[in-house]
Amino acid sequence: MEEAEKIIDENRQGEALMLPTNVTGNKKMYLESYGCQMNFADSEIVASILTEGGFTTTKDFNEADVIFVNTCAIRDNAEQRVRTRLTDFRKAKKKNPDLIIGVLGCMAERLKDKFLDEEKIVDIVVGPDAYRDLPNLIFKVEGGQKAVNVILSKEETYADITPVRLDTNGVNAFISIMRGCDNMCSFCVVPFTRGRERSRDPESIVAEAKDLFAKGYREITLLGQNVDSYIYAGGGLKKEILTEEQRTSATTFAQLLEMVAQINPDLRIRYSTSNPRDMTDDVLHVMAKYENICKNIHLPVQSGSSRILEAMNRGYTREFYQERILAIRKILPDCGISSDIITGFCTETEEDHQQTLSLMEWADYDFSFMFAYSERPNTLAERKFDDDIPEEIKKRRIAEVIALQQKLSERKTKTHLNRIHRVLIERTSKRSDEMWSGRNSQNIVVVFPKGNFKPGEYADVFVDKCTATTLIGRVIS
Ligand code: SAM
């Protein structure tokens with residue numbers, strides 16, 4: 001299935017990332033990534049740091065000097081996946097005892113040095129704020145020790161590191177604009193694994209976007225756990241931006257978006273993720289002003305019940321969320337809207353579940369990521385509530401949510417028929433070598449016969465056919 005951009009792209013899980021073939025080095029790393037887009041973007045920072053240290057990449061872990069797994073801790077099954085994967089690496093280490101195995105990212109941060117006790121083959125444990133230390137840690141392991149750095153930082157944004165673009169089509173790239181999260185949603189492990197919220201210098205973001213555009217990239221996605229909360233007042237933690245003077249002179253997300261949109265009208269901008277409690281109308285007005293800011297907002301609701309939203313500590317009610325959707329529909333009438341939904345959160349009744357279904361129907365989402373609640377150690381929910389919804393009820397509810405979303409998505413896709421869509425060409429379609437695949441502004445995949453076009457070019461495509469999730473058409477310009 002050709003999918004639109006995702007928070008957690010199932011097709012990319014466990015992908016071994018490769019540097020361009022012109023990068024050489026005397027040591028080989030195998031770098032495998034799991035989880036959200038931010039993790040994949042972090043792997044590009046890791047690759048940048050390690051190429052400086054003389055590494056190149058391999059797609060075969062059996063020929064690697066170092067194996068790194070960039071891990072996710074968001075749900076228990078994400079962690080189980082990594083544990084299973086480590087058993088594959090155990091065989092490689094038996095054959096080559098000098099092989100170094102490192103775990104990076106959120107699961108490393110969550111487990112810290114316990115990882116070394118639980119998984120004897122692991123040599124290095126590194127949290128998301130400590131990647132600059134990787135060359136030292138490798139050096140330490142080469143000297144016969146184990147190495148751990150899970151220090152979370154108040155300052156680190158890797159602003160000065162130009163990520164090496166891995167497995168790129170040369171068209172789409174991610175730029176991290178902030179790190180960490182202060183929201184403390186009760187279900188979520190992110191504040192514990194990625195630390196407190198801090199925003200990156202806007203000038204460094206604009207410089208990176210300009211550089212990407214000059215290299216031929218035509219779409220960038222600005223990434224953060226809660227992009228609407230972006231605020232830069234000279235560096236440091238968001239919670240330390242306290243004075244009126246700091247606030248008035250700070251750069252907000254709406255301002256950053258405008259700065260990036262002004263780089264070139266041929267550079268498309270997307271962003272992810274928005275949090276309803278922080279999404280302001282000024283962002284929507286900037287989106288309306290610039291055609292090159294894609295008309296698509298990922299606005300996770302999590303639940304349609306105000307009582308559950310309160311237990312989740314989301315900071316908004318069903319009515320507040322609906323008001324935000326109405327603002328989007330008014331200011332950006334053609335905007336695609338997608339969501340994240342959790343079923344079976346602690347104390348969720350059948351009535352709460354029905355409210356989630358009715359809100360999905362009301363919001364008429366183009367797309368949703370849907371998850372059964374997975375209790376995470378040390379989160380507020382784990383400390384405060386019982387994980388009291390039986391697995392079979394969680395499963396039944398998630399099945400109902402998925403079935404409804406499929407119906408909504410199919411209906412939504414059809415509303416794009418018999419219209420012209422501006423499509424940024426990304427790659428050859430998985431359906432046919434004769435077709436290009438790209439996306440329209442609303443983030444829906446469009447495929448069409450190749451003609452004389454190339455990836456990175458825009459085409460105006462008249463769409464007259466569709467499947468459940470893909471538009472099919474022909475170029476009219
Ligand atoms: N920061 C974003 C937000 O707050 O909306 C996204 C966070 S997370 C990387 C992506 C999604 O994973 C969340 O929106 C939520 O739906 C889901 N998620 C997070 N923790 C979860 C948990 N403990 N169980 C099930 N799903 C979870």
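## Two nonpolar cores

A nonpolar core is a set of buried Ala, Val, Leu, Ile, Met, Phe, Trp, Tyr and Cys residues joined through side-chain atoms within 4.5 Å. Buried, in turn, means under 20% relative accessible area, exposed means over 50%, and partly exposed lies in between (1.4 Å probe, protein chains only). The model you are looking at is predicted: local features need pLDDT of at least 70, side-chain atom pairs count only at pLDDT 80 or more, and totals for chains, interfaces and linings use all residues. Residues are numbered from 1 along each chain as its sequence is written, and side-chain values use heavy atoms, with hydrogens and water left out.

With that in hand, let us look inside. The largest nonpolar core has 67 residues, and those with the most contacts inside it are Leu 222, Phe 253, Leu 257, Ile 297 and Phe 345. Helix α9 (residues 253-261) gives the most to this core, namely six residues. Helices (H or I, at least four residues) and strands (E, at least two) are DSSP runs, numbered from the N terminus. Leaving aside neighbours within four places in sequence, Leu 222 touches residues including Ile 175, Val 227, Phe 253, Leu 257 and Tyr 271; contact here means heavy atoms within 4.5 Å. A second, separate core of 28 residues has Ile 49, Leu 50, Tyr 131 and Leu 137 among its members.

## An enclosed strand

Strand β4 (residues 66-71) is largely enclosed by the rest of the structure, because six of its six residues are buried. On one side sit Val 66, Phe 68 and Asn 70, on the other Ile 67, Val 69 and Thr 71, so both faces are covered.

What does β4 pair with? Two strands pair if DSSP finds at least two bridges between them. Strand β2 (residues 27-33) runs parallel to β4 and is joined to it by five bridges, with Ser 33 partnering Asn 70. Strand β5 (residues 100-105) is also parallel to β4, through six bridges, and Val 66 stands opposite Ile 100.

## Backbone details in the loops

Some loops are worth a visit too. Ser 272 and Thr 273 are joined by a cis peptide bond, with omega about 5°. Thr 273 is in the loop between β14 (268-272) and α10 (281-289).

Asp 364, in the loop between α13 (350-363) and β17 (367-372), is not a glycine, yet its phi is positive, near 55°. Asp 364 is partly exposed, at 22% relative accessible area. Asn 443 also has a positive phi without being a glycine, about 80°. Asn 443 lies between β19 (435-439) and β20 (445-449) and counts as buried at 7% relative accessibility.
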